[in-house]
Structures are given as structure tokens and as C-alpha cells.
Amino acid sequence: MCDAALVFCMKVLAPHGSLVMKFYTGPEDNLFVQRLKRAFKRVHRMKPEATRDESKEAYFVALNKRNVTLDEVFS
């Protein structure tokens with residue numbers, strides 16, 4: 001689902017735009033972070049303090065969208 005949101009974002013978000021995405025941690029997190037870093041200049045991974053320790057819930061905050069193609073992001 002994160003990949004689908006990123007594809008949508010790359011198609012409609014204006015240059016220098018931002019994306020905030022809730023996700024559940026898993027084995028493919030690092031691959032997705034690499035994609036976000038290709039698409040945005042700054043990427044942060046956050047887990048709010050109010051979240052329970054055992055929760056796998058977290059957020060990506062991606063700032064300042066780059067002017068790149070989908071092929072460049074998913075290469």
C-alpha cells in the first residue's frame with residue numbers, strides 16, 4: 001500500500017511538496033525508505049511517544065519532493 005501511495009504522490013504532488021504516511025513496520029521498510037529518499041530531499045521515520053512500545057505503527061514524513069520520474073524512484 002505504501003508503494004501505491006508513493007506512485008499516486010509522484011503523479012499529483014507538486015514539486016517541493018510533502019508526504020506524511022502511516023505504516024506498519026516490517027521487513028521491507030528499508031527498501032521503501034530508499035525509494036522515498038530518491039523522491040524527496042528529506043525523509044524522517046517517526047514513532048509518536050503516545051504509541052505503545054509493542055505497536056508496529058510508525059510514520060514516514062517526506063519533505064521537499066524532487067523532480068524525478070517513477071522509473072528513477074523505483075529503480
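**Group meeting: a walk through the fold**

Let me start with contacts. Among contacts in the protein chain between residues at least 6 apart in sequence, 65% join residues at least 24 apart. Contact here means heavy atoms within 4.5 Å.

Some ground rules. This is a predicted model, so local features need pLDDT of at least 70, side-chain atom pairs count only at pLDDT 80 or more, and totals for chains, interfaces and linings use all residues. Residues are numbered from 1 along each chain as its sequence is written, and side-chain values use heavy atoms, with hydrogens and water left out.

Now the layout. The protein chain has 3 helices and 3 strands. From the N terminus, the order is α-β-α-β-β-α. Helices (H or I, at least four residues) and strands (E, at least two) are DSSP runs, numbered from the N terminus. The radius of gyration is 12 Å, close to the 11 Å that the globule rule gives for 75 residues, so the chain is as compact as a globular protein of that length. That radius is taken over C-alpha atoms, and the rule is 2.2 Å times the number of residues to the power 0.38. Along its principal axes, the C-alpha trace spans about 35 × 20 × 15 Å.

Next, surface and charge. Of the 75 residues, 29% count as buried. Buried means under 20% relative accessible area, exposed over 50%, and partly exposed in between (1.4 Å probe, protein chains only). The accessible surface comes to about 5300 Å², and 53% of that belongs to carbon and sulfur atoms. Areas come from the Shrake-Rupley method with a 1.4 Å probe; for residues, only the protein chains shown count as cover. There are 13 positive and 9 negative side chains, and the centres of the two sets lie 5 Å apart. Lys and Arg count as positive, Asp and Glu as negative; His and the chain ends are not counted. Each charge is placed at NZ of Lys, CZ of Arg, CG of Asp or CD of Glu.

On to the core. Which residues have the most contacts inside the largest nonpolar core? They are Leu6, Leu19, Phe32, Leu36, Ala39, Phe40 and Phe60, in a core of 15 residues. Two or more residues come from each of α1 (2-12), β1 (19-24), α2 (29-39) and β3 (57-65). The largest share, 4 residues, comes from α2. A nonpolar core is a set of buried Ala, Val, Leu, Ile, Met, Phe, Trp, Tyr and Cys residues joined through side-chain atoms within 4.5 Å.

Look at Phe40. Leaving out residues up to four places away in sequence, Phe40 touches residues including Leu6, Cys9, Leu19, Ala62 and Asn64.

That brings up backbone angles. Most residues other than glycine have a negative phi. Asn64, in strand β3, has a positive phi of about 65°. Asn64 is partly exposed, at 26% relative accessible area. His16 has a positive phi too, about 70°. His16 sits in the loop between α1 and β1 and is exposed, at 57%.

Two valines to finish. Val12 is in helix α1. Is Val12 buried or exposed? Exposed, with a relative accessible area of 53%. Val68 is in the loop between β3 and α3 (70-73), and counts as partly exposed at 23%. Val68 touches Met10, Arg38, Ala39 and Val73, not counting residues up to four places away in sequence.
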